[in-house]
Amino acid sequence: MKTFCGRANPTTGSMEWVEEGEDYDYHQEIARSRYADMLHDKDRNVKYYQGIRAAVNRVKERGEKAIVLDIGTGTGLLSMMAASAGADFCYAIEVFKPMANAAVKIVEKNGFSDKIKIINKHSTEVTVGLDGDMQCRANILVSELFDTELIGEGALPTYEHAHKYLVQEGCEAVPHRATVYVQLVESRRMWSWKKLFPVHVEAEDGEKILVPPSEMESCPGVPSVCDIQLNQMPSSDFSTLSDVVTMFSVDFSKPVQSASTYYRVQLEPVKSGKAQIVLSWWDIDMDPSGMINCTMAPYWVKPSSALQWRDHWMQCVYFLPREEPVLQGEKLYLTACRDEYSVWYNLQKAREGENKTDEEEHKDVHVESPVCRCRAHLLWNRPRFGELNDQNRTRQYIESLRKVLKTDSVCLCISDGSLLPVLAHYLGAKQVQCMQPSRIDCYHPHEFWQAFFKANHLEDKIKIIEARPELLKPSHLEDKKISVLVGEPFFTTSLLPWHNLYFWYARTAVSTHLASNVTVLPQSASLHMMVVEFQDLWRIRSPCGTCEGFDVQTMDDMIKDSLNFRESKEAEPHPLWEYPCKSLSEPQEVLTFDFTKTVPQHCLSTEGSVKLLRKGKSHGAVLWMEYHLAADISVSTGLMQLSNEKGNCEWNPHCKQAVYFFSSVIESEILSDPTAVTYAINFDTKTGEIAMDFKL
Ligand code: SAH
C-alpha cells in the first residue's frame with residue numbers, strides 16, 4: 001500500500017504530495033499524536049478506572065463473567081484497567097497498526113497477555129463466533145472515541161455497530177452517557193472569526209469604508225468544528241446571554257442511532273444583547289448514577305473546582321448563521337442539528353402566543369450541514385478572519401503604505417486573500433495588481449473577489465493576475481515596471497512562521513519586473529527566539545512512564561523514535577495565546593531576511609547562546625517572525641508584550657508560533673550565574689525550511 005503525505009513547499013507556495021515507501025511507519029502521526037496528552041490526563045484516567053471497576057463489579061454481582069469490549073484501545077490502558085478490576089477477558093480493538101503493535105507489547109510487559117486479546121481491526125470488521133475474533137458478545141463496552149465535539153471521531157456509528165453486533169443487550173458501558181451543554185454568548189472577538197467587519201481607511205479624498213459582500217451577512221460558514229482552549233478566553237472578551245443549558249445526551253449502554261437528527265431547547269436570555277455564538281462542551285458520566293463525572297466545563301461554570309488541563313478535549317465555538325438581537329426574558333428556541341460526525345446550531349424566536357406542533361417545528365429546522373455560500377469562508381479560515389479584522393494591524397499597514405505610495409505608483413501585491421491591494425488603491429496608487437499564489441487545488445478565489453470588488457465599487461480598479469510569480473510577463477503589468485511590491489506576507493499553505501518567507505521567493509521570481517528604485521514592503525523580516533517554561537503544553541511531548549500504575553514506557557519509546565525519525569530539529573506550530581508560558585530568556589533576534597535583495601544561493605545560519613534569566617523549567621524555545629514594513633513600523637506574528645517581573649507573555653492571537661521542544665528539561669535556579677542555552681539555527685534557502693539544534 002502506498003502512503004502519500006501532504007507537505008507545503010515554502011519555496012513554491014504550493015502543496016506537494018510526497019509518496020512514502022513501504023517502510024513508512026507513520027512517524028509523523030505518532031510523533032504528533034495526542035496519546036501522550038491522554039496519558040497525562042489524570043482526571044480522565046482516574047475516572048475511567050473508577051467507572052470500569054464499578055461496571056466489572058456490577059456484572060460480577062449478577063453472577064456473570066465479565067467480558068469486555070474495548071474499542072480503540074490505543075496503548076491498551078482501559079483493557080488493563082478492566083483486567084486489574086477482575087474482568088475475565090478483554091477484546092481490545094485498535095485500527096491503527098503501529099498502536100495495535102505497541103498495545104501487544106505493553107499488555108505483555110504488564111503481564112496481561114492471557115486476559116487481553118489485541119485485535120488490529122476497525123471495530124466494524126470484527127467478527128463474533130467460535131472461529132471469529134471474539135468468542136462471544138461482550139457484556140461490558142469500554143471506549144474513548146471522543147473528540148472536542150464529542151462525535152467528530154465517529155463515536156456514534158461505532159457505538160451503533162457495536163450494539164448491533166458485538167455486545168449483549170443490557171450491557172454495561174463505560175462511559176455510561178455523555179451530555180452536551182451550550183451557552184449563548186455575544187463576543188466581538190469570536191464573531192470576528194466568522195465575519196469581515198467594515199474596514200475604515202482615511203484616504204486623500206475622505207474616509208472610505210470597505211464592506212463585505214451582502215451574502216456574507218447570513219452565510220452559515222463552514223462545518224468544520226472550531227475547537228479552542230476556552231479557558232484562555234478572558235471573561236472580558238465575551239458576554240453570556242443565557243444560562244448553561246443541556247442540549248442533548250447519549251446513553252452508550254443502549255442501542256445508539258447515528259443517523260442525522262436535531263435537538264431543540266427553549267431559552268430565555270438572562271440579558272439583552274446580540275446572539276452570535278454558541279459555546280459548547282460536554283461531560284461524561286462513567287456510571288449510571290452520575291457519581292463519576294468527567295467534565296470539559298470552562299472556568300466560569302464551576303469556579304470552585306480544579307480544572308484539569310488537556311489538549312485532546314477542549315471546548316467548541318459555534319457561529320450562528322447570522323447575528324440575532326435578543327431581549328432579556330424573551331422566548332427563543334435553540335436547535336442543534338447533527339449528522340454522524342458534526343454538530344451545528346440555529347436560533348429561532350418564538351412568535352407571540354405560539355405553540356408549535358411537532359410538524360410545524362420540524363418545518364423550520366435546517367438539517368443540512370452548513371455550506372459556505374459567500375465563498376469567503378473558503379478563502380479565509382477563522383484565525384485569518386480575526387487577523388483581517390484586527391484594526392491595529394490594519395492601521396500599521398495603512399500607515400506604512402501611505403509612506404511608500406506615490407500617485408504614480410505601480411503596485412503589485414503578493415499575498416493570499418489580502419486586503420492590501422484595496423488599501424493601496426484607496427491610498428492613491430495609480431495601478432494595483434495582485435497575485436494570490438498559494439494553490440489550493442479545489443478552490444479559486446475569483447468569484448469571491450468579484451463579489452467583494454462589486455460591493456465596494458472597485459470593479460476594474462484592481463486586477464488579479466492569474467499567473468504564478470515565475471510566469472509573470474510584462475503584458476500582465478501593462479508593460480510597466482513595479483515601483484512598489486507589497487505583501488503582508490501571508491500564504492494559506494504556510495504552517496510554520498517562516499513559511500511566509502515564500503514572499504521572498506516570489507519577490508526573487510519577479511525581479512526582472514521591478515523598477516530599479518522599487519520599494520519592497522515589508523523591506524525585511526526577522527526571526528526571533530525565546531526560551532520558555534510552559535504552564536501545560538509540555539505535557540503533549542513529555543514521556544509518561546507509568547499511567548495509573550501501568551507501565552506505558554513502550555509508548556514513550558515509540559514516540560521518541562518517531563520524533564527522532566524526522567521531526568527532531570524541527571519545530572511545530574501552536575497558537576500560543578491558547579497555551580500560556582513564561583519567558584526564561586530575553587527574546588532574541590536570530591536571523592534577518594532582506595527583501596530588498598533576492599534569496600541568496602547559500603544557507604543562512606547562526607549560532608549563539610541565550611542566558612536563562614528566570615527561575616524555571618526550560619521546556620523549549622518559541623520562534624516567530626517579525627516584518628519590518630517601513631521605517632519604525634514592524635508587525636510581530638509572535639510576541640506582542642512581555643511583562644518583565646514574571647515573564648508573562650502576550651502572543652499574537654491570530655498566528656501560530658513555532659515551538660521547539662527540548663529533548664530534556666533543565667531547571668534553572670540561581671540568577672547570579674545564569675545558565676546558557678546554545679543554539680544553532682540554519683535556514684536552508686533551497687528548501688525554505690529552518691533546522692535548529694539546542695544544547696543545554
Ligand atoms: N483507549 C485508549 C486510546 C484512546 S484514543 C485510551 O483511552 O488511552 C482512540 C483510539 O481509538 C485511537 O487509537 C484510534 O485509532 C482508535 N479507534 C477509533 N475508532 C476505532 C474503531 N471504530 N475501531 C478500532 N479502533 C478505533
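Tutor: Let us begin with a definition: helices (H or I, at least four residues) and strands (E, at least two) are DSSP runs, numbered from the N terminus. With that in place, Pro522 can be located in the loop between strand 24 and strand 25 (524-534). The peptide bond from Leu521 to Pro522 is cis, its omega being near 0 degrees.

Student: Before we go on, what kind of model is this?
Tutor: This is a predicted model, in which local features need pLDDT of at least 70 and side-chain atom pairs count only at pLDDT 80 or more, while totals for chains, interfaces and linings use all residues. Residues are numbered from 1 along each chain as its sequence is written, and side-chain values use heavy atoms, with hydrogens and water left out.

Student: Where is a positive phi found in a residue other than glycine?
Tutor: Leu150 has one, near 75 degrees. Leu150 belongs to the loop between strand 6 (138-143) and helix 6 (155-165). Asp460 also has a positive phi, near 70 degrees, and lies in the loop between helix 13 (446-455) and strand 22 (462-464).

Student: Is Leu150 buried or exposed? And what of Asp460?
Tutor: Leu150 counts as buried, with 2% relative accessibility. Asp460 is exposed, at a relative accessible area of 79%. Buried means under 20% relative accessible area, exposed over 50%, and partly exposed in between (1.4 Å probe, protein chains only).

Student: Changing topic: what is the overall make-up of the chain?
Tutor: The protein chain comes to 15 helices and 38 strands. Its radius of gyration is 28 Å, close to the 26 Å that the globule rule gives for 696 residues, so the chain is as compact as a globular protein of that length. The radius is taken over C-alpha atoms, and the rule is 2.2 Å times the number of residues to the power 0.38. Buried residues make up 57% of the 696 residues. Among contacts with a separation of 6 or more, 78% join residues 24 or more positions apart.

Student: Let us turn to the helices. How enclosed is helix 14?
Tutor: Six of the eight residues of helix 14 (residues 502-509) are buried, so this helix is largely enclosed by the rest of the structure. The buried residues are Tyr502, Phe503, Trp504, Tyr505, Ala506 and Arg507. They pack against several strands, including strand 20 (410-414), strand 24 (514-521) and strand 37 (676-684).

Student: And helix 4?
Tutor: Seven of the eight residues of helix 4 (residues 77-84) are buried, so helix 4 is largely enclosed as well. Among the buried ones are Leu77, Met80 and Met81. Gly86 follows helix 4, with a positive phi near 105 degrees.

Student: What span should helix 3 have?
Tutor: At 1.5 Å a residue, its 20 residues (42-61) should span 28 Å, and the end C-alpha atoms are 28 Å apart, which agrees. The expected span is 1.5 Å times one less than the number of residues. Gly63 follows helix 3, with a positive phi near 80 degrees.

Student: One more residue: what does Ala525 touch?
Tutor: Ala525, in strand 25, is buried with a relative accessible area of 1%. Not counting residues up to four places away in sequence, Ala525 touches, among others, Leu501, Phe593, Met625 and His628. Ala525 and Phe593 are 68 residues apart in sequence and 5.1 Å apart in space, C-alpha to C-alpha.

Conventions
Contact = heavy atoms within 4.5 Å.
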